[in-house]
Amino acid sequence: MKIRVKFTKEGPIRFVGHLDTMRYFQKAVRRADLPAAFSGGFSPHMIMSFASPLGVGIESIGEYFDMELKDSLPAHEIMDRLNRVMTDGVRILSVFQVEDGKAGTAMSLVAAADYLVSFREGKEPPAGWQEKIGPFLSQEEILIIKETKKGEKQVDIRPFIYSFEEREGSLFMKLASASSNFTRPEAVCASFFRFLGSEPLPFTFFIKRLEIYANKGTDESPVFASLESLGQPDGIF
Amino acid sequence: MRNLALSDEILLSVDKAARYIGGEVNSIMKDPGTVDIRFAMCFPDVYEIGMSNLGMMILYDMFNARKDVWCERVFSPWSDLDQLMRQQKIPLFALESQEPVRNFDFLGITLGYEMCYTNVLQVLDLSGIPLIAKDRKEGPFVIGGGACAYNPEPLADFFDLFYIGEGETVYDELFDLYKEWKDQGLSREEFLYRASRVPGIYVPSLYKVTYAEDGTIGSFHPVREGVPEKVEKQLVISMDKGYHRIQAPVVPFIKATQDRVTLEIQRGCIRGCRFCQAGMIYRPTRERKVEELMSSAMEMLKNTGHEEISLSSLSSSDYTDLPRLVQFLIDECRERCINISLPSLRIDAFALDVMSKVQDVKKSSLTFAPEAGSQRLRDVINKGLTEEVILRGASDAFHGGWNRVKLYFMLGLPTETEEDIKGIAHLSEKIAETYYDEIPKSERQGKIQITVSTSFFVPKPFTPFQWAPMYREEDFIEKARITKNEIRSQKNQKCIRYNWHEPDVTILEGFLARGDRRCGKVILSAYKKGALYDAWTENFRFPLWKEAMAENDIDLDFYTIRERRKDEILPWDFIDAGVRREFLWREWERALSCQVTPNCRAACQGCGARRYETGVCFE
Ligand code: SF4
C-alpha cells in the first residue's frame with residue numbers, strides 16, 4: 001500500500017537540508033515501527049520519495065513524501081505513530097492512501113506551490129510597495145537570470161507566477177514548481193524589489209512554503225489540487 | 001519553539017548549519033529553574049566527530065538521569081563559524097539551551113586524542129573563559145577526561161581539574177560536593193581542594209613539579225596537606241550494575257561519522273599488545289552479559305531508528321559469547337533490514353562465516369592488522385598474529401569469494417630493522433601469491449587487491465613502550481621509502497597499493513603524548529599563532545608548532561627521540577592506572593629480548609589490575 005504523508009518543517013529544523021530531512025524520516029519511520037517496504041539487495045533502503053526539496057532556511061506547513069508499506073494500517077494510526085516520534089517543529093498533518101505505482105509519485109505530480117514571504121527586520125521593500133504589485137504583474141515579461149548547467153540563461157518567469165499578492169505585510173505567491181518550470185520565490189521577490197528600484201539585501205526574505213499542488217486541468221487552464229486532496233481519506237482502507 | 005544563539009544570517013552563511021541548532025531526537029531539554037547544576041559537555045572537534053564519541057554520550061545520558069543536573073553538548077565550531085563568532089563577539093553556547101557556556105557550572109572536555117589540544121583552547125577562548133586556569137575568578141570549572149587525561153600534564157595550565165578513568169563512577173560524588181560548596185559560598189580554591197580528595201580527581205594547581213638539571217622531572221608532589229600523592233584511576237567494577245546503559249542515544253540530523261547504534265560489548269582487552277595504550281589503561285577486561293547486550297541493542301535500535309548497529313570493543317573476537325550475540329543480531333536485523341558492522345574481528349572461520357552473512361562479499365574487504373612486517377618484530381610488540389594464521393585466514397577468505405585485503409602496519413617500532421620493514425612487502429606478496437596459487441583462474445573474481453597502510457609509531461604513557469625513543473621526521477620518511485621500494489620490487493606489486501601519511505603530525509602527537517607541564521606554553525603559543533583543528537590534515541601546520549617550540553625554548557627531541565631511564569620520573573607517574581610500573585618495565589625488557597607474553601586468559605601476568613577485583617582476573 002502506498003501512502004502520502006503531509007508534514008510541517010518549522011523552527012530551528014529549517015536549517016536541516018533536504019537529504020538530511022530524508023534521513024530523518026527514514027529513521028522516524030523505523031522508530032514509529034511502521035511496516036515499511038524495502039528495496040532488495042545487501043543494503044536495502046526504504047521505498048520513499050519526497051515531493052519537492054525544500055531549501056535550507058525555508059519553513060513549510062505543506063511538505064509531502066510518499067512511501068510504500070508492506071501491510072495496511074489505518075491512516076490515523078500511521079499518523080499517530082509518526083507524531084509520537086517527531087522532534088520539535090515537525091508535525092504530521094495528514095496521511096492518505098494513494099494509487100500504487102510510479103505514475104502517481106508525489107514528485108512527478110508537483111505543478112505549483114504556495115509561499116508566504118516576509119521581510120526580515122530592517123530589510124523591507126521601499127514604502128508603498130503594496131501599490132506596485134499591480135504594475136509589477138502587468139509587465140509584458142519578467143526576466144530573470146537563471147543559472148543552468150550550461151551557464152547563465154535569461155528566462156521570462158511571468159507565466160510561472162500564478163498569483164502574487166500582499167497578505168498582512170508579507171507577500172503571498174503561487175508559483176510554478178514542476179521540474180521544467182520550477183520558480184524560486186526568492187527570485188520572484190528579488191525581481192519585484194528591482195522593479196521598485198531597490199536591491200534586496202542578503203538574507204532579506206523569510207520564506208514559508210504553504211502548500212504543494214498537482215495540476216488536474218491542462219497546461220492552458222490549470223486546476224490546482226493540493227497533493228493531499230488526491231489521496232483516499234481515512235476509513236476507506 | 002527554541003530560540004537559537006545564532007542569527008539566520010550566520011546560519012545561512014556557514015557550512016552545515018544543523019551542527020549548531022541542537023533539538024535532535026532524544027536530545028534532552030530541561031527547565032533550567034529545576035536544576036542545580038548546569039554541565040556543558042564538550043568534545044573539542046567538529047559536531048560529526050564529537051557525536052560519534054561513545055564515552056561522551058554515556059556521560060551525557062548519565063548526568064541527565066540526575067534530576068538536579070542538566071548536561072548539554074558543546075562542540076568546536078568549524079573554522080567558518082569560528083571566524084564569525086570572533087568578529088561578532090558571539091560567545092560559544094551549548095546546543096540544547098543555546099545559552100553561553102560561560103554561565104554554566106562545569107565545562108567538561110573529552111580528550112580523545114592529542115591533536116585536539118588547540119581546539120580545547122578554542123572552546124575556552126570562544127566561551128570567554130580565561131585560557132589559564134589560575135586566571136579564572138568565576139565561571140565554570142573546567143574538567144578534562146578521556147584517554148589523554150592519563151597524561152594530563154601538557155594541559156595542566158588550562159584545566160581546573162581532571163578526571164582519571166571511566167566517568168561512570170565518581171561524578172555523583174563530585175556533583176554532591178559541588179552543591180554543598182555552592183550552598184556554603186566558599187572560594188574556588190576550596191572547591192578544588194575538596195575535589196582533589198575525591199578518588200580519580202586530579203587538580204593540577206595543587207601539585208608542584210621541579211626539574212633536574214638534565215631537564216627531567218626532579219620531584220612531583222602535592223602542595224597542600226590532604227591532597228593525595230597518587231591519583232587512582234576509576235573504573236566500572238560491575239558491568240551489570242555500574243555500567244550506565246543508554247536507552248535512547250541522540251540521533252543527529254546530519255550524518256555523524258558513526259551514523260549507527262554503537263553497542264559496547266566489553267571494556268578493556270586481554271591481549272597485551274605492547275604499543276597499545278587502550279589495552280593497558282582499560283584493564284582489566286570486563287564483559288557485559290550477552291542477555292543485557294541483546295536487549296540493549298533492540299532498545300537502542302527502536303529508540304533511534306538507525307539502520308545500522310556496530311559492536312564496539314578493542315577486540316570483539318575475544319568476547320566470550322560473541323557467536324550467540326552475533327546470531328541474535330543477524331536474526332533480528334535481517335527481518336528489519338538493519339545492517340550489522342563488526343569491526344575488530346580476527347579473521348578466522350567463524351569471522352568469515354559471519355561476514356559472509358552480514359555483508360556483500362564482493363564489495364567488502366578483509367582487514368588484518370599485523371602491525372609489524374616480521375615475526376621477530378611482532379614478538380617485540382607482543383602482537384600474537386603469525387604469518388601462518390594470516391595466510392590461512394586469507395586463503396579461507398579467497399575460497400569464500402573475497403579478493404580485497406587491507407593490511408595495517410606501524411613503522412618505527414622499537415628495535416625495528418630494515419629487514420623488518422621489508423617484511424611488510426614480503427607478507428603482502430605472500431598474500432597475493434596465496435590467491436593466485438589457490439584460486440583457479442576460472443574461479444577468480446578479477447585480480448586480488450591489497451591495500452597496505454602504514455602509520456608511524458608513537459610511544460604512549462602507561463604502555464611498556466613509554467620509555468622508548470621515537471624517530472625523527474626524516475627517519476620516518478626513509479622508512480616509508482624503504483617500504484614503498486620493497487613493495488614495488490615484488491612480483492605482484494601491481495596488485496598492492498601503498499598508503500602513508502606525512503610524519504609531521506605523528507611527531508607532534510609524540511611530543512604531546514609524553515609531554516610535561518612545560519609543553520603547555522607551546523600549545524598556547526601555537527594556538528595564538530593560528531593552529532587549530534590539527535587532527536585535520538588539511539589544517540595541520542607544523543611550522544607554527546616549531547616556531548612555538550623555539551619561542552618557548554622547548555626542545556622537541558627531548559620529548560620524542562630520547563630514551564627514558566628506568567629511574568626517571570615520568571610526567572604521568574603520579575597516576576595509578578592499575579597496571580604497575582614494574583609490570584610495564586618487565587614487559588619493556590621482554591620486548592627488547594623478543595619474548596612474547598601470554599594474554600590474560602592464557603596466563604595472568606600479575607599486571608596490577610587484579611586489585612579492582614573484577615573482570616578477566618577473576619574468570
Ligand atoms: S591482573 Fe592478570 S588477568 Fe588481570 S588484567 Fe592484569 S594480567 Fe590480565
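**Reading the contacts between chain A and chain B**

Mentor: Let's start with one pair: the side chains of B:Asp259 and A:Arg23 meet in a salt bridge, with 2.8 Å from N to O. Keep in mind that this is a predicted model.

Trainee: Why is the meeting of B:Asp259 and A:Arg23 called a salt bridge?

Mentor: The N to O distance for B:Asp259 and A:Arg23 is 2.8 Å. The cut-off is 4 Å between a side-chain nitrogen of Lys or Arg and a carboxyl oxygen of Asp or Glu, so the pair qualifies. The count between chain A and chain B is 6 salt bridges, and there are also 14 residue pairs in polar contact.

Trainee: Which helix gives the most to the side of chain A that touches chain B?

Mentor: That is helix α1 of chain A, residues 18–31, with 7 residues. By class, this side of chain A has 12 nonpolar, 6 polar and 10 charged residues.

Trainee: What makes up the area buried between chain A and chain B?

Mentor: About 2600 Å² is buried, and carbon and sulfur atoms give 60% of that. A:Phe15, A:Arg30 and A:Phe42 supply 26% of the area that chain A buries against chain B, more than any other three residues. In terms of contacts, 28 residues of chain A meet 35 residues of chain B.

Trainee: And the ligand: how do you know which class B:Cys600 in its surroundings belongs to?

Mentor: Cys counts as nonpolar, so B:Cys600 goes into that class. Among the other residues surrounding the ligand are B:Arg283, B:Pro284 and B:Gln605. The shell divides into 6 nonpolar, 2 polar and 2 charged residues.

Notes. Residues are numbered from 1 along each chain as its sequence is written. Chains are lettered from A and ligands numbered from 1 in the order in which they are written. This is a predicted model: local features need pLDDT of at least 70, side-chain atom pairs count only at pLDDT 80 or more; totals for chains, interfaces and linings use all residues. Side-chain values use heavy atoms; hydrogens and water are left out. A residue is near a molecule or strand if one of its heavy atoms lies within 4 Å of it. Contact means heavy atoms within 4.5 Å. Buried area is the accessible area (1.4 Å probe) that two parts lose on being put together, summed over both. A polar contact is a pair of N or O atoms within 3.5 Å; within protein, one must be able to donate a hydrogen and the other to accept it, and residues adjacent in sequence count only if both atoms are side-chain atoms. Helices (H or I, at least four residues) and strands (E, at least two) are DSSP runs, numbered from the N terminus.
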